[in-house]
Amino acid sequence: MKTALVTGASRGIGREIALRLARDGFRVAVNYVAGEAAAKEVVRLIEEQGGSAFAVRADLGDLDQVDALVERIRLETGVLDVLVNNAGVSVHRHIEDETPESFDWHFAVNVKGLFFLTQRLLPLIPDNGRIVNVTSGVTRIAFPNAIAYSMTKGAVQTFTLALAKQLGPRGITVNNVAPGIIDTDINASWLRDNPEGEAHAASYHAVNRVGRPEEIADVVAFAASPQASFMTGTTLDATGGGNL
Ligand SMILES: NC(=O)c1ccc[n+]([C@@H]2O[C@H](COP(=O)([O-])OP(=O)(O)OC[C@H]3O[C@@H](n4cnc5c(N)ncnc54)[C@H](OP(=O)(O)O)[C@@H]3O)[C@@H](O)[C@H]2O)c1
């Protein structure tokens, strides 16, 4: 059975990616940081559908926990066919309001944790493996109200480009999936139960609606599939036609 790790898979986009990859036949490691019950529910749903999964807690902002996550994957599966770097944190702040602490936190989780998790998992990733990094439409569409967050996603996209070049000869592909505005907890405070906010968010997208987590999972599943073997170092824009 092929194996996949999805970081931040207890909720939102990562949850749907985990469910989808399990349906595609992967044994899935469901990473979370605080949402133990939610992660266990994802595992339960996967098992109910005849799939295989396990939950694993690790705060990607803490490199000791990153190492523990790598060790757990090594013990549980030995080989990791697909790594989906999905976990991410975001606080909406303009440059005037950003603080060094919040700036560092964004980079610790979204960039440093992702970088060293990938580095330390590389020995487990076989030839023709897949790495998919969930970035964001904010690398193409300016969102000054989330400037530090946006910078982290730009850093990840540059990481993808360089790593794809290095791993290409082994058939390992590295790609970004860049979502538009999706209905998840990350946007709950301004999107949910706020028709005005929702209409404003929808107006960014050519399809004139907010995206669903499953729609991002479908794109990630393609990038993680054997069919995506001739695509690497690129960004799949899943923004519903953001700012066309
Ligand atoms: N939603 C959007 O509109 C949107 C748009 C573009 C890009 N994205 C990107 O898509 C990814 C998923 O976003 P989402 O909207 O699904 O977010 P979400 O609903 O807020 O879920 C975040 C997930 O990441 C986990 N997580 C948070 N901090 C973590 C840490 N330090 N270590 C490990 N896991 C951590 C959470 O685990 P717990 O449950 O344990 O807290 C949860 O499973 C992120 O990279 C985000 O930047 C989202």
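Visitor: Between which helices is the loop that holds Asn-208?
Guide: This is a predicted model, in which local features need pLDDT of at least 70, side-chain atom pairs count only at pLDDT 80 or more, and totals for chains, interfaces and linings use all residues. Residues are numbered from 1 along each chain as its sequence is written, and side-chain values use heavy atoms, with hydrogens and water left out. Helices (H or I, at least four residues) and strands (E, at least two) are DSSP runs, numbered from the N terminus. The loop with Asn-208 lies between H7 and helix H8 (213-223).

Visitor: What is the phi of Asn-208?
Guide: Most residues other than glycine have a negative phi. Asn-208 is a residue other than glycine, yet its phi is positive, near 55°.

Visitor: Is Asn-208 buried or exposed?
Guide: Buried means under 20% relative accessible area, exposed over 50%, and partly exposed in between (1.4 Å probe, protein chains only). The relative accessible area of Asn-208 is 53%, so this residue is exposed.

Visitor: In which loop does Asp-193 lie, and is Asp-193 buried or exposed?
Guide: Asp-193 is not a glycine either, and has a positive phi of about 55°. The loop runs between helix H6 (188-191) and helix H7 (195-203). The relative accessibility of Asp-193 is 82%, so Asp-193 counts as exposed.

Visitor: How far is Ala-18 from Ile-46, C-alpha to C-alpha?
Guide: Ala-18 lies in helix H1. With a relative accessible area of 0%, Ala-18 is buried. Ala-18 and Ile-46 are 28 residues apart along the chain, and their C-alpha atoms are separated by 8.4 Å.

Visitor: What is the C-alpha distance between Arg-15 and Val-43?
Guide: Arg-15 is in helix H1. Its relative accessibility of 25% makes Arg-15 partly exposed. Val-43 is 28 residues away in sequence, and the C-alpha distance is 9.8 Å.

Visitor: With which residue does the side chain of Ser-102 make a polar contact?
Guide: Ser-102 sits in helix H4 (residues 100-121) and counts as buried at 8% relative accessibility. A polar contact is a pair of N or O atoms within 3.5 Å; within protein, one must be able to donate a hydrogen and the other to accept it, and residues adjacent in sequence count only if both atoms are side-chain atoms. At 2.5 Å, the side chain of Ser-102 is joined to that of Glu-98.

Visitor: Which residues come nearest to the ligand?
Guide: A residue is near a molecule or strand if one of its heavy atoms lies within 4 Å of it. Around the ligand there are 32 residues, and the nearest are Ser-10, Ala-34, Asn-86, Tyr-149 and Thr-184.

Visitor: How far is an oxygen atom of the ligand from an N or O atom in the side chain of Tyr-149?
Guide: A nitrogen atom of the ligand is 2.9 Å from a polar backbone atom of Leu-60. A backbone N or O atom of Gly-180 is 3.4 Å from a ligand oxygen. For the side chain of Tyr-149, the distance from an N or O atom to a ligand oxygen is 2.5 Å.

Visitor: Which helices and strand each supply at least two residues of the shell around the ligand?
Guide: By class, the shell has 16 nonpolar, twelve polar and four charged residues. Here Ala, Val, Leu, Ile, Met, Phe, Trp, Tyr, Cys and Pro count as nonpolar, Asp, Glu, Lys and Arg as charged, and the others, Gly among them, as polar. At least two shell residues each come from helix H1 (12-23), strand E2 (27-32) and helix H5 (147-167).
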